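Keep the structure open as you read.

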Amino acid sequence: MSKPLLSEPTKPLAGIKVLDISRVLAGPWCGQMLADMGADVIKVERPGSGDDTRHWGPPWLGGTEESAYYLCANRGKRSVTIDMAKPEGQAVIKQLVAQSDVLIENFKVGGLKRYGLDYASLQALNPKLIYCSITGFGQESPYAHRAGYDFMIQAMGGIMSMTGKPDGEPGGGPVKSGVAFTDIFTGLYASNAVLAALYQRRDSGVGCHIDMALMDVQVGVLANQALNYLTSGNVPQRLGNAHPNIVPYQAFATQDGHIIVAVGNDEQFKRFCSVLSLPGLAEDPRFATNGARVNQRVLLVPQLEAALAQRGTDEWLAAFEAVGVPCGPINTLDRVFDDPHVKARGLRQTLPHAQAGHVDLVANPIRFNGKQMSATTAPPHLGEHTENVLDELGITPEQRTALREAGII
């Protein structure tokens, strides 16, 4: 079921122009968020090859050379191919900068200076420019010269030390997230920062340089686990699917599969034990409060595991839902996109695609007044909008021909 979409002129960022010269995921994710909100996002790519992720397949969109990876982060944008390594290309980009409100880049620290596309150079050209740099370790760091990749940052930033089964169990060891967790969060933080900078510029009249580091973001989203350490001095350990601060809050095997139980308070625990026909557990002082259950999880959890193994997942789900105990199945993605909630909320979005006919995407989850904020155009094919954008800059057909013959566009 598709949800009504806000039209582009009525979206909150209508009239904002964004130049996205980033690649891969964190930067493009930021740009996609801004496009969803109505900004005109121009994606600048290398002639002939484009964003690296265009080639990160299979799978490919049927009948095209577009990878699923590329499609996940580039809806709503316009693609222009410009060779920024050449002076003529740099001149075109500077023309775009002069008309832009925001620039997003994720080159190595100092990498754009040799092209005259660094913040200092472009701020002099357009003082209102909001320049968002995304790097592995930020502009000022003992690691500033290093490249940063999500997998590496998940390891360095601590999340992998807490994700996975304990070392002593079968299959134990550190595990990364199944998606590029740090890149996605960095894109979200970056888009929030851009929105704040736009708000600030409304009063100040000048832009700013936003310095986003993957490592900073990864540490920033350690949330309760970071505070568990800072508060107690104890280093959190891997608990598999269990929770460090809440019990029972984990996956359990059932007679025919698995179920997630998320008991958030003592009243829910009483109802949970009643369904299990183990009311005595809720009355036992060793387990009556969450703090006690956390301290005695080694004694409690095996009893819960034995009880839950006696019935099937669907039977448990119905019984727990009937009494308000939070629970859920562990869905594969085919079941996710067939879920009644996902269908009702329109999270699978189908848009026209010039080459494939249509493309299925995941919709932006933000809604304004009941309407989705997702962009209304599919991720562009490489250079799809070059002619149109250069025409908007006043570059004549003859000049475009010369640039194309020189390999600049």
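Two rings of Phe, Tyr or Trp (its six-membered ring) count as a pair if their centres lie within 6.5 Å. The model is predicted. By this pairing rule there are seven aromatic pairs. F269, F272, W316 and F320 form one aromatic cluster.

**The F137–Y143 pair**
- F137 and Y143 pair edge-to-face.
- Their ring centres are 5.3 Å apart, and 80° separates the planes.
- The angle is over 60 degrees, so the pair counts as edge-to-face.
- F137 is buried, because its relative accessible area of 5% falls under the 20% cut-off.
- Y143 has 32% relative accessibility and therefore counts as partly exposed.

**The F272–F320 pair**
- The ring centres of F272 and F320 lie 5.2 Å apart.
- Their planes meet at 40°, so this pair is tilted.
- F272 belongs to helix α9 (residues 266–275).
- F320 belongs to helix α13 (residues 313–322).

**Charges over rings**
- R311 places its charged end over the ring of W316, 4.3 Å from the ring centre.
- R23 lies over the face of F107.
- The distance from R23 to the ring centre of F107 is 4.1 Å.

Key. Residues are numbered from 1 along each chain as its sequence is written. This is a predicted model: local features need pLDDT of at least 70, side-chain atom pairs count only at pLDDT 80 or more; totals for chains, interfaces and linings use all residues. Side-chain values use heavy atoms; hydrogens and water are left out. Rings of Phe, Tyr and Trp (its six-membered ring) pair if their centres lie within 6.5 Å; planes under 30 degrees apart count as stacked, over 60 as edge-to-face and the rest as tilted. Buried means under 20% relative accessible area, exposed over 50%, partly exposed in between (1.4 Å probe, protein chains only). Helices (H or I, at least four residues) and strands (E, at least two) are DSSP runs, numbered from the N terminus. A charge sits over a ring if NZ of Lys or CZ of Arg is within 6 Å of the ring centre and within 35 degrees of the ring normal.
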